[in-house]
Amino acid sequence: MKKTAISTLVLFIISLFSFSTVLASEKDAPTFIGVKKCGMCHKKDATGNQLKIWKDAKHSQAFKTLQSEEADKIAAEKGFKTKAAETPECLACHTTGHDLDAAMLGKNFKIEEGVQCETCHGAGSKYKSKKIMKDQAKSIANGLVEFKDEAAIKELCVTCHNDKSPTAKEFDFAKSWDEIKHPVPTK
Ligand code: HEC
Ligand code: HEC
Ligand code: HEC
Ligand code: HEC
């Protein structure tokens with residue numbers, strides 16, 4: 001009896017601690033700022049115009065694709081009662097943020113931007129300043145996702161490019177990466 005009382009107390013204290021860490025980490029978590037903000041500094045040809053490369057490729061259209069008749073048909077065939085653009089299972093790979101608390105989304109963030117900069121690079125509110133961005137280590141410390149090598153990049157792609165996609169095509173990493181990569185030109 002005594003033993004149970006003590007372990008209940010211990011459990012209670014542990015839960016208090018973990019509750020407060022959850023609160024603290026949510027408060028400190030970086031927020032998603034949207035393509036417009038990233039694009040402000042990443043639209044010069046001299047530094048690779050990542051904004052244009054993204055706009056001209058399919059990821060920027062991923063939400064729009066869900067608004068098509070074809071998409072609604074696929075959703076219905078899968079047994080969903082909602083339109084594709086309102087179906088969480090579709091939004092999961094075609095957008096960022098549909099399942100996030102509104103507090104995590106900055107005022108310029110738009111779910112309509114589909115698979116966007118921060119889908120791959122991480123929420124940017126803390127690394128977006130020029131001073132931090134110029135320093136890779138500082139950017140990473142402030143939430144920029146680090147890719148150690150090509151294998152790590154491929155790992156990111158196949159979180160969506162896999163056979164859970166109702167229209168899945170075979171994913172050729174080298175070819176696909178070549179289509180969407182957006183490097184800063186080396187001088
Ligand atoms: C105030 C300007 C500014 C904003 C806003 C900004 N960046 Fe940057 N970013 C830079 C600069 C400057 C560099 C250094 C490389 C260069 O000269 O392009 C950089 C570098 C990067 C790099 C390469 C980091 C590395 O060294 O590996 C990535 C990735 C990146 N930015 C993504 C983003 C994303 C995503 C956003 C929006 C969340 C964003 N940036 C917003 C200025 C900015
Ligand atoms: C968050 C999910 C997600 C991630 C991560 C992702 N993609 Fe995609 N990708 C999509 C979706 C959704 C489409 C379809 C967009 C459309 O057609 O509307 C797509 C389309 C593409 C296309 C256009 C050709 C095609 O197959 O339709 C290429 C190329 C591509 N992705 C490459 C990549 C590469 C390379 C990576 C990794 C660096 C990657 N993607 C990471 C979701 C993702
Ligand atoms: C596991 C991630 C994933 C999920 C879940 C997902 N998609 Fe996609 N979707 C993709 C990717 C990646 C592409 C582009 C390459 C491909 O078709 O394999 C794509 C492409 C599409 C396309 C364009 C097809 C084409 O041939 O260009 C449509 C339409 C589509 N998806 C509708 C849906 C609908 C509707 C749902 C929900 C029922 C859904 N997707 C769920 C990842 C996903
Ligand atoms: C589908 C995922 C994906 C999307 C969407 C995406 N990026 Fe990237 N980006 C990557 C990957 C992967 C790399 C390579 C990182 C590396 O080589 O370390 C990269 C590299 C970069 C670099 C550094 C290039 C260099 O040569 O150092 C910049 C800057 C950048 N992205 C900015 C952006 C901006 C701005 C957007 C939105 C307009 C964007 N990215 C959208 C995945 C993505």
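Guide: Start with a term. A helix is a DSSP run of H or I, at least four residues long, and helices are numbered from the N terminus. Keep in mind that this is a predicted model.

Visitor: How many helices and strands does the protein chain have?

Guide: Eleven helices and zero strands. Read along the sequence, the pattern is α-α-α-α-α-α-α-α-α-α-α.

Visitor: What pLDDT does the protein chain average?

Guide: pLDDT is the predictor's confidence in each residue, from 0 to 100. Here the protein chain averages 90, and 86% of the residues score at least 70. Residues 19-24 fall below 50. That stretch has zero contacts in the model beyond near neighbours in sequence.

Visitor: Now the ligands. Which residues come nearest to ligand 2?

Guide: There are 21 residues around ligand 2, and Lys58, Thr65, Cys157, Cys160 and Ser176 come nearest. Helices H4 (62-66), H6 (88-94), H7, H10 (150-157) and H11 (173-180) each give two or more residues to this shell. H11 gives the largest share, four residues.

Visitor: Which residues come nearest to ligand 4?

Guide: His42, Trp54, Cys117, Cys120 and Pro183, out of 19 around ligand 4. Helices H2 (35-41), H3 (50-55) and H7 (117-121) each supply at least two residues of the shell. The largest share, four residues, comes from H7. By class, the shell around ligand 4 has eleven nonpolar residues, eight polar and no charged.

Visitor: What share of the residues in the protein chain is buried?

Guide: Buried residues make up 20% of the 187 in the chain. Here is the general idea: in soluble globular proteins, nonpolar side chains tend to be buried together.

Visitor: Which residues make up the largest nonpolar core?

Guide: Ten residues in all: Ala62, Phe63, Leu66, Ala71, Ala75, Ala84, Ala85, Cys90, Leu91 and Val115. H4, H5 (69-77) and H6 each give two or more residues to this core. H4 has the largest share, three residues.

Visitor: Take one member. With which residues is Ala62 in contact, leaving aside its neighbours within four places in sequence?

Guide: With His94, Thr95, Gly114 and Val115. There is also a second, separate core of five residues, including Cys38, Leu51, Trp54 and Cys117.

Visitor: What percentage of contacts joins residues 24 or more positions apart?

Guide: Among contacts with a separation of 6 or more in the protein chain, 54%.

How values were computed
Residues are numbered from 1 along each chain as its sequence is written. Chains are lettered from A and ligands numbered from 1 in the order in which they are written. This is a predicted model: local features need pLDDT of at least 70, side-chain atom pairs count only at pLDDT 80 or more; totals for chains, interfaces and linings use all residues. A residue is near a molecule or strand if its C-beta atom, placed from the backbone, lies within 6 Å of it. Ala, Val, Leu, Ile, Met, Phe, Trp, Tyr, Cys and Pro count as nonpolar, Asp, Glu, Lys and Arg as charged, and the others, Gly among them, as polar. A residue is buried if 20 or more other C-beta atoms lie within 10 Å of its own, exposed if 12 or fewer, and partly exposed in between; C-beta atoms are placed from the backbone. Two residues are in contact if their C-beta atoms, placed from the backbone, lie within 7 Å. A nonpolar core is a set of buried Ala, Val, Leu, Ile, Met, Phe, Trp, Tyr and Cys residues joined through C-beta atoms within 7 Å.
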